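The following paragraphs are meant to be read with the sequence and the three-dimensional view side by side.

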Amino acid sequence: MDRSSHIRLRRVAPFVAVAAAAALTLAGCSSGSGGKKAEEGGADASAGKADTPRMTVALVTHQAPGDTFWDIVRKGAEAAAAKDNVKLVYSSDPNAGSQATLVQNAIDQKVDGIAVTLAKPDALKDVIAKAEAAGIPVVGLNSGLSDWKDLGLLEFFGQDESVAGEAFGKKLNEVGAKNAVCVIHEQGNVGLTQRCDGVKETFEGETQILNVNGTDMPSVKSTITAKLKQDSSIDYVVTLGAPFAPTAVQSVGDAGSEAKVATFDLNKDLTKAIDAGDIEFAVDQQPYLQGYLAVDGLWLYKNNGNYSGGGEQPVLTGPAFVDKSNVEAVSEYAAKGTR
């Protein structure tokens with residue numbers, strides 16, 4: 001489908017992705033894994049895959065080394081790739097300029113579709129325009145809800161970070177918090193900034209911002225510890241990613257603080273910590289669903305001309321709170337690495 005056809009279709013009533021998927025033959029093979037360098041999966045097709053032509057999708061994220069959140073995103077993408085007869089090529093780099101280079105690499109490889117995160121959208125604007133000029137459909141996921149339409153993406157799958165932050169702030173009010181420190185682990189990431197801004201918008205207590213180097217966990221620990229020692233009135237540490245919450249718990253202990261820890265995002269270690277009472281609650285944006293829908297959305301577009309959200313509205317995957325009252329319900333899936 002060419003770009004002009006895409007523009008015309010966006011003005012027509014939206015299709016429902018689930019109904020379209022049911023109308024096509026589904027099933028499975030392929031995966032992707034990797035870090036900064038692109039890696040491929042699924043060279044051989046297994047029985048029962050979608051009866052549609054083989055296609056290649058590049059998933060390009062801003063994953064930092066060691067950030068296990070993205071393992072869940074990739075599992076979702078791999079599941080959709082297996083079902084849809086897609087070869088998935090995964091690559092990542094937390095540096096926005098380097099991430100743009102990875103998108104350019106996908107264009108040069110003439111992939112059939114690109115799914116990309118927009119943590120720093122300005123740095124990706126030009127290369128996304130190049131992909132669209134080359135006739136390659138692009139969808140967004142996870143980061144960039146405020147920018148995906150301006151950049152001309154087909155669809156977006158993720159969480160409204162401002163809404164999630166506001167919900168988090170209200171939750172802090174419910175538990176009686178008075179002074180929270182919001183820990184940003186990647187400066188310049190618009191989604192993380194929106195989370196803290198959302199917390200500040202609705203939280204009736206004091207909200208402080210603490211920037212840390214998320215690629216250096218010992219530094220994260222020492223920086224949070226120093227902040228808690230410097231201000232003993234802090235009663236909640238808010239982390240913006242699952243891997244940082246356990247580190248914050250350690251910092252609380254090292255500082256001799258009585259602060260509690262709550263976080264955005266979830267993984268299997270977090271569910272155990274919530275169940276044990278070490279972490280109060282987490283906001284789950286369902287990263288598995290983000291990866292799955294991004295790949296499946298490109299497949300539906302190529303094979304049936306569909307747009308989730310009609311190309312006008314994002315598909316929201318969160319927020320939802322997980323605390324001790326409901327953690328058991330998601331623990332089974334978190335243990336499998338899918339929540």
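Aspartate 265 lies in the loop between strand S10 (260-264) and H10, where helices (H or I, at least four residues) and strands (E, at least two) are DSSP runs numbered from the N terminus. The model is a predicted one, in which local features need pLDDT of at least 70 and side-chain atom pairs count only at pLDDT 80 or more, while totals for chains, interfaces and linings use all residues. Residues are numbered from 1 along each chain as its sequence is written, and side-chain values use heavy atoms, with hydrogens and water left out.

Although aspartate 265 is not a glycine, its phi is positive, at about 80 degrees. Aspartate 265 is buried, with a relative accessible area of 6%; buried means under 20% relative accessible area, exposed over 50%, and partly exposed in between, for a 1.4 Å probe and protein chains only. Lysine 110 is another non-glycine residue with a positive phi, of about 55 degrees. Lysine 110 belongs to the loop between helix H4 (96-108) and strand S4 (113-116), and its relative accessibility of 69% is why it counts as exposed. As background, most residues other than glycine have a negative phi, and most peptide bonds are trans. A cis peptide bond is found between glycine 318 and proline 319, with omega about 10 degrees. Proline 319 sits in the loop between strand S12 (315-318) and strand S13 (320-323).

The chain as a whole contains 12 helices and 13 strands. Of its 339 residues, 54% are buried. Contact means heavy atoms within 4.5 Å, and among contacts between residues at least 6 apart in sequence, 75% join residues at least 24 apart.

Axes here are lines fitted to C-alpha atoms, for helices over the stretch in contact, and angles run from 0 to 180 degrees between N-to-C directions. H10 contributes Lys268, Thr271, Ile274 and Asp275 to the contact, and H12 contributes Val327, Val330, Ser331, Ala334 and Ala335. By class, this contact of H10 with H12 has 5 nonpolar, 2 polar and 2 charged residues, where Ala, Val, Leu, Ile, Met, Phe, Trp, Tyr, Cys and Pro count as nonpolar, Asp, Glu, Lys and Arg as charged, and the others, Gly among them, as polar.

H8 and H9 form another packed pair, at an angle of about 45 degrees and with axes 8 Å apart. H8 and H9 are therefore oblique to each other, and their crossing is right-handed. From H8, Met217, Val220, Lys221, Ile224, Thr225, Leu228 and Lys229 meet Phe244, Thr247, Ala248, Gln250, Ser251, Val252, Asp254 and Ala255 in H9. The residues of this contact of H8 with H9 divide into 8 nonpolar, 4 polar and 3 charged.

Which residues touch the most other members of the largest nonpolar core? In this core of 26 residues they are Ile224, Leu228, Val237, Val261, Leu266, Ile274 and Ile279; a nonpolar core is a set of buried Ala, Val, Leu, Ile, Met, Phe, Trp, Tyr and Cys residues joined through side-chain atoms within 4.5 Å. Strand S7 (179-184), helix H8 (217-230), helix H9 (244-255), H10 and H12 are the elements that give two or more residues to this core, and the largest share, 5 residues, comes from H9. Beyond its neighbours within four places in sequence, leucine 228 is in contact with Ile234, Val237, Ser251, Val252, Ala255, Ser257 and Ala259. A second, separate core of 25 residues includes Met55, Val57, Val139 and Phe157.

Definitions and conventions. Angles under 35 degrees count as roughly parallel, over 145 as roughly antiparallel, 65 to 115 as roughly perpendicular and the rest as oblique. A crossing is left-handed if the near helix is turned anticlockwise from the far one by less than a right angle, and right-handed if clockwise.
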